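Open your viewer and keep the selection tool ready. We will go stop by stop.

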Amino acid sequence: MELRATTRTLELAEAFGIARGSRTNQTVVQVELEHEGVVGRGEASAVYYRGESVDAVVDFLTTTAPPLVGDDPFALEAIEERLEDIEGVTGGRSALDGALHDWIGKRLGVPLWRLLGLSPVAPHTSFTIGIDTVEGTRERVRRARAFRALKVKVGGAEDLERLEAVREEAPDAAIRVDANEGWTLDGARELMPELIGLNVEFVEQPFPAADIESFDALKEVHPRVPVIVDEGCQNLADVAPAAAYADGINVKLAKSGGVREAVRMIHAARALGLHVMLGCMVESQLGISQAAQLAQLADHVDLDGHLLLSHQPFTGLGLRDGRLVLADAPGLGVEPTTTTMEGTDGR
Ligand SMILES: [Mg+2]
């Protein structure tokens with residue numbers, strides 16, 4: 001089995017602001033796994049807010065992982081076990097996991113969603129409205145008319161004014177709010193009646209992941225909108241603790257390290273009565289299609305990372321009436337729009 005990894009900087013169509021800052025591009029890691037004449041591809045972003053770096057992910061994929069992967073891409077459980085104790089590279093494990101699943105699907109001639117027993121039509125995805133001025137927010141919402149659900153990034157000075165503007169511009173849309181750890185307990189308490197008045201569906205990660213006390217205190221506020229944990233819930237071990245202080249979890253492959261752990265998290269969340277959200281980082285169609293294979297299992301789909309890009313290095317993932325539509329092609333169902341991966345020496 002041969003593994004190749006490279007970085008690719010994805011340019012955003014416009015600046016994207018969240019509570020932690022604003023960005024105009026996102027560097028991801030892409031993997032090619034070649035075995036017996038079949039090439040599987042995967043992609044992931046480093047989980048930067050957990051201290052993961054693109055360099056560490058590339059080093060993992062090119063140096064640490066190859067001798068541990070073995071020579072049987074079907075042996076997913078064993079491969080996962082051999083790699084699971086390597087710290088700080090869940091994005092790398094997810095990219096590799098995507099390539100393994102893509103390889104298996106291509107080898108068998110079956111789309112991954114079919115291999116998993118799932119449907120190619122996903123629930124409606126939300127479209128993300130980054131932090132902006134009130135007028136800029138209005139403009140972004142007007143351009144997002146095709147989407148039935150909007151995820152509004154908050155954590156700035158004008159959160160309430162912006163949310164009121166979103167509701168005015170999109171009276172029928174589901175509005176979800178993501179504070180990316182940027183709120184305080186007092187601020188959240190104050191905003192809660194307004195969020196209910198604006199019919200906000202839920203709030204994602206209002207407080208820092210470690211500030212469980214604030215989550216516990218918010219739980220005592222009635223009425224309130226449901227609280228979803230993102231940054232505070234990385235993998236299966238985090239699901240039961242999250243059930244003690246929140247109402248749902250946001251599952252992302254870059255955090256879980258791949259499809260199998262994500263499925264385990266989803267079932268654990270169901271058993272604990274939690275809402276299940278399926279999210280993403282800023283990724284191309286390659287990374288998004290990995291997560292989208294599982295979309296049928298989620299209550300709330302938030303897989304729009306590729307829709308924020310200025311151009312698409314991969315193609316094959318559809319969008320119809322605000323829903324992602326998975327290709328009928330084998331594996332992940334996406335292919336590069338260029339013939340070689342940037343940074344590789346050409347094949
Ligand atoms: Mg989030």
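**Stop 1: two paired strands**

Select residues 174-178, strand β7, and residues 200-204, strand β8; these two strands pair in the parallel sense over 4 bridges. Strands here are DSSP runs of E, at least two residues long, and helices are runs of H or I, at least four, numbered from the N terminus. Two strands pair if DSSP finds at least two bridges between them. Now click Arg 176: its bridge partner in β8 is Phe 202.

This is a predicted model, where local features need pLDDT of at least 70, side-chain atom pairs count only at pLDDT 80 or more, and totals for chains, interfaces and linings use all residues. Residues are numbered from 1 along each chain as its sequence is written, and side-chain values use heavy atoms, leaving out hydrogens and water.

**Stop 2: the whole sheet**

Widen the view. The open sheet has 8 strands, in the order β5-β6-β7-β8-β9-β10-β11-β12, with parallel pairing. Select β5 (126-129) and β12 (300-301): each stands at an edge with a single partner strand, so one side of each has no neighbour in the sheet.

**Stop 3: the magnesium ion**

Select the magnesium ion. Which protein donors lie 2.0 to 2.3 Å from it? They are Asp 178 (OD), Glu 204 (OE) and Asp 230 (OD). Donors are N, O and S atoms within 2.8 Å of the metal (3.2 Å for Na, K and Ca); water is not among the atoms, so sites may look incomplete. Asp 178 in β7 and Glu 204 in β8 are 26 residues apart. Asp 178 is buried at 0% relative accessible area, and Glu 204 is buried at 0% too. Buried means under 20% relative accessible area, exposed over 50%, partly exposed in between (1.4 Å probe, protein chains only).
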